[in-house]
Amino acid sequence: SGGYMATEYLIHNGYDKIGMIVGNREVYTCRKRIEGYKEALAFYNISIKEEYIYYGQYKRQTGYEGMKYLYDLGVKAVFAYDDEIALGVYQYAGENGLAIGKDISVVGFDDAYVSAVLTPPLTTIAQPGEQMGKKACETIINRITGNDKEAVRNTYFSPVLVERNSVKMEE
């Protein structure tokens, strides 16, 4: 739902040409965020263009290269897989005389500590880290003590949009 939420936020701010910069497409969370991105576009009747999805590594450099690639396609709004990749978008903008929140709009994912102190602060999707950590510890303890003999299962947590200033309302 975080991928959907980030994409929908950009749509509600007037964008219909939205790119996504991600890491390895074989990673489960990457696939799920792409699904959310595509579902939001489809729901709002915006055509899904595979060339608007840039794949790389989970590094700042991917954000830089991805933004260069997407900007050359005319894309000015992006959903970055995580805040580390979003940092690369900021770097690309800074080195090319573009302003985040004016010339380029970006939404990250994770609400990393640097997100709030960037200029401008990064709009991002936050996950309930403390709740996730508690559940992980509880699961491990129950496995070790033998109190949980069920098959391995996924647990999902609801993300939250943290609105800051990295997205401009498109006229």
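**Aromatic pairs and a helix crossing**

Author: In this predicted model, a search of the whole structure finds six aromatic pairs.

Reader: How are the planes of Tyr 58 and Tyr 81 arranged, and how far apart are the ring centres?

Author: Planes over 60 degrees apart count as edge-to-face and those under 30 as stacked. The planes of Tyr 58 and Tyr 81 stand at 55 degrees, with centres 4.9 Å apart, so this pair is tilted. The two residues are 23 apart and link distant parts of the chain: Tyr 58 sits in the loop between β2 and α3, and Tyr 81 in the loop between β3 and α4.

Reader: Is Tyr 81 buried or exposed?

Author: Buried means under 20% relative accessible area. Tyr 81, at 8%, is therefore buried, whereas Tyr 58, at 29%, is partly exposed.

Author: Tyr 64 and Tyr 92 form an edge-to-face pair, with 80 degrees between the planes and 5.5 Å centre to centre. Tyr 64 belongs to helix α3 and Tyr 92 to helix α4, so the pair ties together parts 28 residues apart in sequence. Tyr 64, Tyr 71 and Tyr 92 form one aromatic cluster.

Reader: What describes two packed helices?

Author: The angle between their axes and the distance between those axes describe them. Here, the axes of α1 (residues 2–12) and α2 (residues 28–43) come within 7 Å and cross at roughly 40 degrees. The two helices are therefore oblique to each other, and α1 passes α2 in a right-handed crossing.

Reader: Which residues make the contact of α1 with α2?

Author: Among them are Tyr 4 and Ile 11 of α1, and Arg 33 and Phe 43 of α2. The residues of this contact comprise six nonpolar, three polar and three charged.

Conventions. Residues numbered from 1 in each chain as written. Predicted model: local features only at pLDDT ≥ 70, side-chain atom pairs only at ≥ 80, totals over all residues. Heavy atoms only, no water. Axes fitted to C-alpha atoms, helices over the stretch in contact; angles between N-to-C directions. Helix = DSSP H or I, 4+ residues; strand = E, 2+ residues; numbered from the N terminus. Parallel < 35°, antiparallel > 145°, perpendicular 65-115°, else oblique. Left-handed = near helix turned anticlockwise from the far one by under 90°. Contact = heavy atoms within 4.5 Å. Nonpolar A, V, L, I, M, F, W, Y, C, P; charged D, E, K, R; others polar. Phe/Tyr/Trp six-rings, centres within 6.5 Å; stacked < 30°, edge-to-face > 60°. Buried < 20%, exposed > 50% of the residue type's maximum accessible area, 1.4 Å probe, protein only.
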